[in-house]
Amino acid sequence: MIAFTTPYLWYSSRATGIVSLVLLTVMIVLGALVSTRVGGRAVGRFEINEIHRSISMITMLFVVVHVGTTVVDSYVPIGFFSALVPFTSGYRRIPVAIGTIAIDLMLTVWVSSLVKDRIRNVTWRYLHWLSWGCFAAAALHGFLVGSDSHRPWMIILQAVCVAAVIMAAIWRITQRPTRAAGRTAHSPLAGSGQVATKKTSPTSGPRPLAKTGGRAIPPSAPLAKGPRR
Ligand code: HEM
């Protein structure tokens with residue numbers, strides 16, 4: 001094996017690890033807003049959903065660079081296999097394994113979203129819950145293994161990220177999805193895959209999850225009445 005190391009790889013690994021954590025935080029917070037169907041006239045649900053998706057792709061890109069630079073840097077003995085299979089790293093086995101679990105969870109969520117049209121909506125939603133576990137694992141991993149994690153600025157950054165995600169979790173648990181005013185993609189339900197609302201009248205309002213088997217109601221359903229903005 002060819003040994004290759006330079007401090008720039010290490011700087012890149014640290015920087016992209018930190019950026020990944022921040023992006024992951026933003027992604028989770030936006031995901032909580034999407035699933036509770038927050039949106040207004042200035043920034044509609046469609047826009048929030050699109051930003052959420054774009055940020056998730058950018059996050060994946062940064063995580064790939066973070067892991068890639070770590071694997072390429074022969075200063076730390078972490079191979080490609082150890083980056084994906086937990087507890088196989090010769091370097092900081094437990095903290096690196098926690099990062100590996102984070103990336104495995106992230107890949108599961110990502111792939112399930114790519115094939116969303118081919119799997120049951122309820123399955124996709126359950127898999128999407130893994131994002132919370134991904135954040136928890138990533139935050140713990142960064143704290144345990146990071147060279148910067150005990151510097152005051154990094155402690156503040158990590159605390160802000162964790163606080164933001166805890167608040168998003170509380171928001172997600174306490175706020176039931178509602179119909180918000182504002183722009184949407186095709187119908188009030190399109191794209192988000194969310195169907196539950198406060199109103200459960202069998203004739204006029206959207207249908208509760210139990211009656212739809214967790215599937216999104218087609219745009220033809222009588223939910224998208226009135227002019228769209
Ligand atoms: C979702 C996935 C991941 C995220 C969000 C993430 C995030 C982070 C963060 C925030 C740090 C701390 C950086 C610092 O304090 O300077 C870090 C460090 C580190 N990560 Fe990850 N990580 C992830 C996955 C992985 C994986 C799969 C590996 C294994 C190849 C890995 C290897 C490392 C190493 C070796 C460090 C220490 C770098 C140093 O010397 O500071 N990470 N990561």
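Me: What should I know about the model before we start?
Reply: It's a predicted model, where local features need pLDDT of at least 70 and side-chain atom pairs count only at pLDDT 80 or more, while totals for chains, interfaces and linings use all residues. Residues are numbered from 1 along each chain as its sequence is written, and side-chain values use heavy atoms, with hydrogens and water left out.

Me: Why is Gln-158 called buried?
Reply: Buried means under 20% relative accessible area (1.4 Å probe, protein chains only). Gln-158 has 9%, so it counts as buried.

Me: What does Gln-158 touch, leaving out residues up to four places away in sequence?
Reply: Leu-21, Gly-142, Phe-143 and Ser-149; contact here means heavy atoms within 4.5 Å.

Me: What about His-141?
Reply: An N or O atom in its side chain lies 2.8 Å from a nitrogen atom of the ligand.

Me: What makes up the shell around the ligand, by class?
Reply: The shell has 12 nonpolar, 11 polar and two charged residues. Asp, Glu, Lys and Arg count as charged; Ala, Val, Leu, Ile, Met, Phe, Trp, Tyr, Cys and Pro as nonpolar; and the others, Gly among them, as polar.

How values were computed:
Polar contact = N/O pair within 3.5 Å; in protein donor to acceptor, adjacent residues only side chain to side chain. Buried < 20%, exposed > 50% of the residue type's maximum accessible area, 1.4 Å probe, protein only.
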